[in-house]
Amino acid sequence: MPSLHTLELGETGSRVVFLHGLFGQGRNWNTLGKQLADKHRVTLVDLPHHGRSPQPDTFDYLEVTAAVAELLSAEEPATVVGHSMGGKVAMLLAITRPELVAKLVVADMSPVVYERVGGFKTYVDAMQSLDLDSISRREEADAGMQEAVPDQTVRGFLLQNLRRDGDSWRWAMNLPVLGRDLDQVGAWPAEELKAYEAYDGPVLWVAGERSNYVTDEYAPAMKAWFPRYRKVTIKGAGHWVHSEKPETFLAALRQFLGD
């Protein structure tokens, strides 16, 4: 797979690499990344199928993880921060290539299979049903998705992927493949991981109080793969914990980094 698109911030300090969730892009971490860049060299990654990175024909977590591994070096292992889908990639990176990961931060995701991807299917259908040829302004796209996606914040997040291309519009992400392979996005490659050991580095788990992605039910799987994890639950936050409560998230991250 060709190289992933990245944005680099900061010039000194240890390296911190941010991985976004489904339908996101590296710049989703821009505000947090800029704040951390005073003491760290920050890398914001567009994961495969998203943003300006390559768009393969299938979604495969281990292939995505291998592409991220190409950005890192065992000579200088990084702190890897991942949210949601990016959290799974970050976990898999720590398990399969532990020499690349000095510390791990997982934002509202667990090392398990999620059967319920119906909400994301709603988003895919809403985006695919938009007639991009008939849209002249972004506001028209927003209005066209309002019924299917009534939450303005979520709609705005999805519409960040809508790009102007000359006189027409296009989705920056690999919408056909992501829509078709949603079950793979919810998966966890347990069979392929049987040859690997647990990650023994320090792990910060950040959960949203109002989210059901990190629950007591998943604690055994978290402990099995990441025996040194410490969990922080952010009050009042849902699944998008870092964008809903950025100051609290940043404070927890700085403490974990030893700032």
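A residue is called buried when its relative accessible area is under 20%, exposed when over 50%, and partly exposed in between (1.4 Å probe, protein chains only). This report uses that term for a predicted model, in which local features need pLDDT of at least 70 and side-chain atom pairs count only at pLDDT 80 or more, while totals for chains, interfaces and linings use all residues. Residues are numbered from 1 along each chain as its sequence is written, and side-chain values use heavy atoms, with hydrogens and water left out.

**Overall form**

Buried residues make up 53% of the 259 residues in the protein. The radius of gyration, taken over C-alpha atoms, is 18 Å, which agrees with the value near 18 Å for a compact globule of 259 residues. The globule rule is 2.2 Å times the number of residues to the power 0.38. Along the principal axes, the C-alpha trace spans about 55 × 40 × 40 Å. The protein has 11 helices and 9 strands; helices (H or I, at least four residues) and strands (E, at least two) are DSSP runs, numbered from the N terminus.

The domain assignment, automatic or from a database, gives domain 1 (6-113 + 187-257) and domain 2 (119-182). Their C-alpha centres lie 25 Å apart. The contact between them (heavy atoms within 4.5 Å) takes 17 residues from domain 1 and 17 residues from domain 2.

**The sheet and the hairpin**

Strands of a sheet pair through backbone hydrogen bonds, either parallel or antiparallel. Here two strands count as paired if DSSP finds at least two bridges between them. An open sheet of 7 strands has the order β1-β3-β2-β4-β5-β8-β9, with mixed pairing. Its edge strands, β1 (6-9) and β9 (229-234), each pair on one side only. Neighbouring strands of this sheet are turned by 15° against each other on average, direction ignored.

Within the sheet, β4 (residues 78-83) and β5 (residues 101-107) pair in the parallel sense over 6 bridges. One of the bridge pairs joins T79 to K103 in β5. Helix α11 (residues 246-257) lies across β2 (15-19), β4, β5, β8 (203-208) and β9, and runs at about 160° to β5. Such axes are lines fitted to C-alpha atoms, for helices over the stretch in contact, and angles run from 0 to 180 degrees between N-to-C directions.

Strands β6 (residues 162-165) and β7 (residues 168-171) run antiparallel and are joined by 4 bridges. R164 has W169 in β7 as its bridge partner. The two strands β6 and β7 form a hairpin with 2 residues between them, and G166 in the turn has a positive phi of about 70°.

**Individual residues**

Most residues other than glycine have a negative phi.

| Residue | Phi | Place | Relative accessibility |

W225 belongs to helix α9 (residues 219-225). W225 counts as buried because its relative accessibility is 16%. Leaving aside neighbours within four places in sequence, W225 is in contact with I95, P111, W188, L193, Y196, E197, A198 and Y199. W225 and P111 are 114 residues apart in sequence and 8.1 Å apart in space, C-alpha to C-alpha.
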